[in-house]
Amino acid sequence: MEGKIAVVTGSTTGIGLGVARHLANLGCSVVLTGLGGAALIDDLVEEFTKRYAGKTYFVPCDLTKEDEIKTFCTNIYDVFPEGIDILVNNAGIQFTASIENYPLDTWNNMMAVGLTAPFLLIQKFLPKMKKKGWGRIINMSSMMGIISGPQLTTYSACKSALIGLTKGVALEAAPHGVTCNVVCPGYSDAPIFYHKIEKHAVANSLSFDCAKEELFSTLNPHKKPITVQEIAELVSFLCTSGADSMTGSPILMDAGNTVR
């Protein structure tokens, strides 16, 4: 992957950061974007610049706003006029509540970040991937896009729709050497799951680490968390020639949760 250019959304923490680090380690130049203060951003750019051979850029973007997404894409094209090679739509929001009590503004923000933003970014970056005859689009869904659970109605709706978007894009892009797949992780050792661990710790008077061990041993059939590194390695595999014929696929990495 040396010389490839990757854009990873939600790449300042968690799964997105793990994916960005792994792609950079394999030789990609990486565009980071996500939430965080100036000190965090500066530290990340410095880390990537020192550790990896490819170029690193941080380009801010509020993924709830169409105009900012358009500006984000324009800024990237200013740096890389030939376009990018890999787009990882990882950014997302999770908020749990019963459907009767679910705030509409939270629904709108979740759909904006988790569905509309991927649609707009694909719309902007796909044409030059087609022109080059090669590209990889990887969307980050969840096993909750395949199944669901109480108080996860909105999250499941968003993640299921992202799977549908992936399938349609895959068919349009296939004749041009571009693949589009969607990764569906289960319970992973990532910040998006930490709130559940914290609630379990408080409810059972446990330390965070004890609550984490107890939860994962109960939730995952293999009794341990799915690691960010495992997800990052799956994403990188989808960028290789070994995955040339994989497209439109919802790929579960859930430790077997959805089959029991």
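User: What conventions apply to the numbering and to the confidence of the predicted model?
Analyst: Residues are numbered from 1 along each chain as its sequence is written, and side-chain values use heavy atoms, with hydrogens and water left out. Because the model is predicted, local features need pLDDT of at least 70 and side-chain atom pairs count only at pLDDT 80 or more, whereas totals for chains, interfaces and linings use all residues.

User: Why is Arg136 called buried?
Analyst: Buried means under 20% relative accessible area, exposed over 50%, and partly exposed in between (1.4 Å probe, protein chains only); Arg136 has 1% relative accessibility and therefore counts as buried. Arg136 belongs to strand S5, residues 135–140, a strand being a DSSP run of E with at least two residues, and a helix a run of H or I with at least four, numbered from the N terminus.

User: What makes the pairing of Arg136 with Thr179 a polar contact?
Analyst: The term requires a pair of N or O atoms within 3.5 Å, where, within protein, one must be able to donate a hydrogen and the other to accept it, and residues adjacent in sequence count only if both atoms are side-chain atoms. The side chains of Arg136 and Thr179 make such a contact at 3.5 Å.

User: Why is Glu47 buried, and which residue does its side chain join in a polar contact?
Analyst: With a relative accessible area of 17%, Glu47 is classed as buried; the residue is placed in helix H2, residues 38–51. Its side chain joins that of Arg21 in a polar contact of 2.9 Å.

User: Why are the buried residues of H7 said to line one face?
Analyst: Ala211, Leu215, Phe216 and Leu219 are buried in H7. Seen down the axis, the buried residues fall within an arc of 120°, so they line one face of the helix, the arc being that of the directions from the helix axis to the C-beta atoms. Asp209 and Glu213 are exposed on the face turned away from that buried side.

User: Against which helix do the buried residues of H7 pack?
Analyst: They pack against helix H6 (191–203), where contact means heavy atoms within 4.5 Å.
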